[in-house]
Amino acid sequence: MRSQPLPGEASRRRAEEQFKTTKKVNSETKANTPPQQAEAAKTARLRALRLAKEAADKETASRDAAAAQVGRSEPGRRVRRPQASTPSEPK
């Protein structure tokens, strides 16, 4: 087995590393162009609106649940319903 890499392998490895860093820099540059910035801002705004709506819905649901719980726990006044006449009763 060889202990030293071949000269071609070392240059290939350096070229791959350079390609990876160039590709990374290019992708970061593309993300900062005006159309991508506008899209990112729009996405962030829509996400914020969605999260705010979800929070408001959750708050409303918890408030409704608390109100229902309070309504059940209060002693209520019972109202007797009039008994319906049955057809077998004489008039």
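These legends walk through close-up views of a predicted model.

**View 1**
Welcome to the overview! The chain has two helices and zero strands. Its 91 residues include 0% that count as buried. As you move to the close-ups, keep in mind that the structure holds four salt bridges. Side chains of opposite charge can pair when their charged atoms come close. Three of these pairs are described below, one to a view.

**View 2. R50 and E54 meet in a salt bridge.**
Start with the side chains of R50 and E54, where N and O are 3.4 Å apart. How accessible is E54? E54 has a relative accessible area of 42%, so it is partly exposed. R50 is partly exposed too, with a relative accessibility of 42%.

**View 3. K53 pairs with D57 in a salt bridge.**
Next, look at K53 and D57, whose closest N and O atoms are 2.9 Å apart. Helix α2 holds both residues. Counting along the helix, K53 and D57 are four residues apart, or about one turn. Is K53 buried or exposed? K53 is exposed, because its relative accessible area of 52% is over the 50% cut-off. D57, at 43%, is partly exposed.

**View 4. E59 and R63 form a salt bridge.**
Finally, find R63 and its partner E59. How far apart are their closest N and O atoms? The distance is 3.1 Å. R63 has a relative accessible area of 48%, which makes it partly exposed. E59 is partly exposed as well, with a value of 48%.

Key:
Residues numbered from 1 in each chain as written. Predicted model: local features only at pLDDT ≥ 70, side-chain atom pairs only at ≥ 80, totals over all residues. Heavy atoms only, no water. Buried < 20%, exposed > 50% of the residue type's maximum accessible area, 1.4 Å probe, protein only.
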